[in-house]
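Here are a few exercises to work through with the model open beside you. Take them one at a time, and try each task before you read its solution.

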Amino acid sequence: KKIVVLISGTGTNLQALIDACAAGRINARLAAVISNQASALGLERAKTAQIPTALFIRRDFADHAAMDQAIGDYIEKIGADLIVLAGYMKILSEGFVTRFAGKILNIHPSLLPKYKGLNTYQQVLDAGDSEHGASVHFVTPELDGGAVILQAKVPIFPGDDISDIEARVKTQELQIYPLVVKWFIDGRLQEIQGKAYLDGKLL
Ligand code: GRF
């Protein structure tokens with residue numbers, strides 16, 4: 001099976017997937033890494049792992065939909081079974097999401113449905129929450145609104161700053177994302193009418 005990963009930045013989640021595939025923990029090949037940022041460190045990680053990379057820059061396209069059309073065509077040509085968003089910081093157009101319905105995963109640094117969108121760390125601190133976390137979910141046209149598959153919780157301690165919480169959440173992300181990708185690749189995970197199922201059981 002083939003996986004395509006979309007990134008915009010550091011790519012630590014990408015690295016976890018590279019490692020899991022290399023170790024045989026995920027029975028699939030990372031067929032390409034796509035970035036919308038030329039400077040994304042994740043592109044270097046892909047090159048080191050000898051994974052083909054592709055750059056799609058917004059200014060090279062007439063509009064957002066045209067860019068996503070081109071990305072979709074590229075992915076279709078590869079014949080990817082799964083599209084993994086790993087810090088891809090651009091909202092995918094509705095056309096793209098419908099085209100690959102049930103085949104796109106994302107990881108978001110919050111305990112969804114809390115704190116969709118950006119700056120979740122600042123938001124939990126402002127709210128005075130005692131816990132935060134990460135959620136892996138299916139991607140639907142609603143931002144961070146698709147069915148949640150797996151979450152990991154971390155505590156927030158008095159005196160924590162954003163970077164303390166972020167480090168704790170990131171450690172969890174690197175555990176749960178490869179696991180969910182494995183479930184999908186093993187055919188255990190499905191999205192049916194907006195709901196997520198593992199081994200046929202509603203999550
Ligand atoms: C992660 O925190 C993820 O939850 C969010 O973007 C970040 C990507 O980090 N969607 P990295 O590029 O995988 O290091």
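**Exercise 1. Describe how H1 and H6 cross: which hand does the crossing have?**

Step 1. The crossing of H1 and H6 is right-handed; a crossing is right-handed if the near helix is turned clockwise from the far one by less than a right angle, and left-handed if anticlockwise. Helices (H or I, at least four residues) and strands (E, at least two) are DSSP runs, numbered from the N terminus.

Step 2. Before going on, some background. This is a predicted model, in which local features need pLDDT of at least 70, side-chain atom pairs count only at pLDDT 80 or more, and totals for chains, interfaces and linings use all residues. Residues are numbered from 1 along each chain as its sequence is written.

Step 3. Now the geometry: the axes of H1 and H6 (residues 162-185) come within 9 Å and cross at roughly 45°. Axes are lines fitted to C-alpha atoms, for helices over the stretch in contact, and angles run from 0 to 180 degrees between N-to-C directions.

Step 4. H1 and H6 are therefore oblique to each other, since angles under 35 degrees count as roughly parallel, over 145 as roughly antiparallel, 65 to 115 as roughly perpendicular and the rest as oblique.

Step 5. On the H1 side, the contact (C-beta atoms, placed from the backbone, within 7 Å) is made by Thr 12, Asn 13, Ala 16, Leu 17 and Ala 20. H6 brings Lys 170, Glu 173, Leu 174, Tyr 177, Pro 178 and Val 181.

**Exercise 2. Find the residues that come nearest to the ligand.**

Step 1. Among the 15 residues around the ligand, look for Thr 10, Thr 12, Asn 13, Gly 87 and Pro 109, which come nearest. A residue counts as near if its C-beta atom, placed from the backbone, lies within 6 Å.

Step 2. The largest share, three residues, comes from H1.

**Exercise 3. Work out the strand order of the open sheet.**

Step 1. The seven strands run E3-E2-E1-E4-E5-E6-E7, with mixed pairing; two strands pair if DSSP finds at least two bridges between them.

Step 2. At the edges are E3 (53-55) and E7 (148-155), each pairing on one side only.

Step 3. E2 (residues 29-35) and E3 run parallel, joined by three bridges. Ser 35 stands opposite Leu 55 in E3.

**Exercise 4. Locate the cis peptide bond.**

Step 1. Go to the bond from Leu 112 to Pro 113, with omega near 10°.

Step 2. Pro 113 sits in the loop between E5 and H5 (120-127).

Technical notes
Two residues are in contact if their C-beta atoms, placed from the backbone, lie within 7 Å.
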